[in-house]
Amino acid sequence: SSFQSFLINPICKLLNKKELRQHIKEKKKTFEETTLKVWSESLFQHIEKLPEFIAADTVFLYHSMKGEVYTHTFINKWYKEKNIILPVVKEDNLELRFFEGEDSLYLSDYGILEPVGKKLDDFRQIQLSLIPGIAFDKKKNRLGRGKGYYDRTLPLLNSYNVGICFDFQLVEKIPTDPFDQKMDCLCTENGLIH
Ligand code: ADP
Ligand code: MG
């Protein structure tokens, strides 16, 4: 069931942001990448049933790296039917670009595959955003990697925002700052949390 990770790890309640990131990182090491991919497949089956996804023409997502909810299969499945928008880190902000197929990803100097498709100018065109996080809590607060990229980007959007993560990343409570952006809904391999 959802939030079972907290029940196993009540210590989460006492941790600050930095400690919580470390805690989840250690926990993540106990799972195989193949397991994470199977869970990711289940997660996106729930997303595909979400009315906000069905209705959306333009979906903001990310191109996953190792250990994250695996997005590649989903992106490739949907980009011809819907506009799939991916972020690129540009100093302090995220630049948003259209995914136009695997050829529109370019291996950067940092070893990250970055979208080089057409730039999205009107951020308010996005109807659904699927947001990664290190952890999410019962009040739909999000803990990111600590750079605040999504805290700065989300206020510029007008989308329904779904935090996506594995069930073990759900915790009872995340310490928050005034600039932290809440999600509208969460989704794990076990389903949606409204
Ligand atoms: P994350 O959301 O990635 O977990 P934090 O919430 O810890 O990271 O935020 C990291 C930093 O980002 C904060 O120290 C803060 O200074 C900065 N930040 C967050 N939101 C904003 C904002 N709206 N404007 C300017 N800086 C911000
Ligand atoms: Mg934050």
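Modeller: Phe 98 lies in strand β3, residues 93-98. Helices (DSSP runs of H or I, at least four residues) and strands (DSSP runs of E, at least two) are numbered from the N terminus. The model is predicted, so local features need pLDDT of at least 70 and side-chain atom pairs count only at pLDDT 80 or more, whereas totals for chains, interfaces and linings use all residues. Residues are numbered from 1 along each chain as its sequence is written, chains are lettered from A and ligands numbered from 1 in the order in which they are written, and side-chain values use heavy atoms, with hydrogens and water left out.

Phe 98 counts as buried because its relative accessibility is 10%; buried means under 20% relative accessible area, exposed means over 50%, and partly exposed is the range in between, with a 1.4 Å probe and protein chains only. Between Phe 98 and Leu 120 the C-alpha to C-alpha distance is 6.7 Å, for a sequence separation of 22 residues. In strand β6 (residues 128-132) one finds Ser 129, which is buried, with a relative accessible area of 0%. The side chain of Ser 129 is joined to that of Ser 159 by a polar contact of 2.8 Å. A polar contact is a pair of N or O atoms within 3.5 Å; within protein, one must be able to donate a hydrogen and the other to accept it, and residues adjacent in sequence count only if both atoms are side-chain atoms. Arg 142, in strand β8, is likewise buried, at 11% relative accessible area. Its C-alpha atom is 18 Å from that of Asn 190, and 48 residues separate Arg 142 and Asn 190 in sequence.

Charged pairs come next. Side chains of opposite charge can pair when their charged atoms come close. The structure holds eight salt bridges, a salt bridge being a side-chain nitrogen of Lys or Arg within 4 Å of a carboxyl oxygen of Asp or Glu. In one of them, Arg 145 meets Glu 68 at 2.9 Å, N to O. Arg 145 belongs to the loop between β8 and α6, and Glu 68 to the loop between β1 (58-60) and α5 (72-78), so this pair ties together parts that are 77 residues apart in sequence. Glu 95 pairs with Arg 97, their closest N and O atoms lying 2.8 Å apart, and Glu 95 is buried, with a relative accessibility of 14%. A further salt bridge connects Lys 138 and Glu 172, again with 2.8 Å between the closest N and O atoms. This pair links distant parts of the chain, 34 residues apart: Lys 138 sits in the loop between β7 (135-137) and β8, Glu 172 in the loop between β10 and β11. Lys 138 is partly exposed at 44% relative accessible area, and Glu 172 is partly exposed at 21%. Salt bridges with shared partners also join Lys 17, Asp 177 and Asp 180 into one network.

Lys 17 and Asp 180 lead on to ligand 1, as both are among the closest of the 13 residues that surround it, together with Arg 21, Gly 144 and Asp 151; a residue is counted if one of its heavy atoms lies within 4 Å. This shell comprises eight charged, three polar and two nonpolar residues, where Asp, Glu, Lys and Arg count as charged, Ala, Val, Leu, Ile, Met, Phe, Trp, Tyr, Cys and Pro as nonpolar, and the others, Gly among them, as polar. Helix α2 (17-28), strand β8 (142-143) and helix α6 each contribute at least two residues to the shell. The side chain of Lys 17 has an N or O atom 2.9 Å from an oxygen atom of ligand 1. Asp 151 places a polar side-chain atom 2.8 Å from an oxygen atom of ligand 1, and a polar side-chain atom of Asp 180 also lies 2.8 Å from an oxygen atom of ligand 1. The protein covers 65% of the 570 Å² of accessible area that ligand 1 has on its own, by the Shrake-Rupley method with a 1.4 Å probe.

Asp 151 and Asp 180 also coordinate the magnesium ion, ligand 2, through OD atoms at 1.9 to 2.1 Å. These residues are 29 apart in the chain, Asp 151 in helix α6 (residues 149-153) and Asp 180 in the loop between β10 (170-171) and β11 (185-188). Donors are N, O and S atoms within 2.8 Å of the metal (3.2 Å for Na, K and Ca), and because water is not among the atoms, sites may look incomplete. Asp 151 is buried at 14% relative accessibility, and Asp 180 is buried at 14%.
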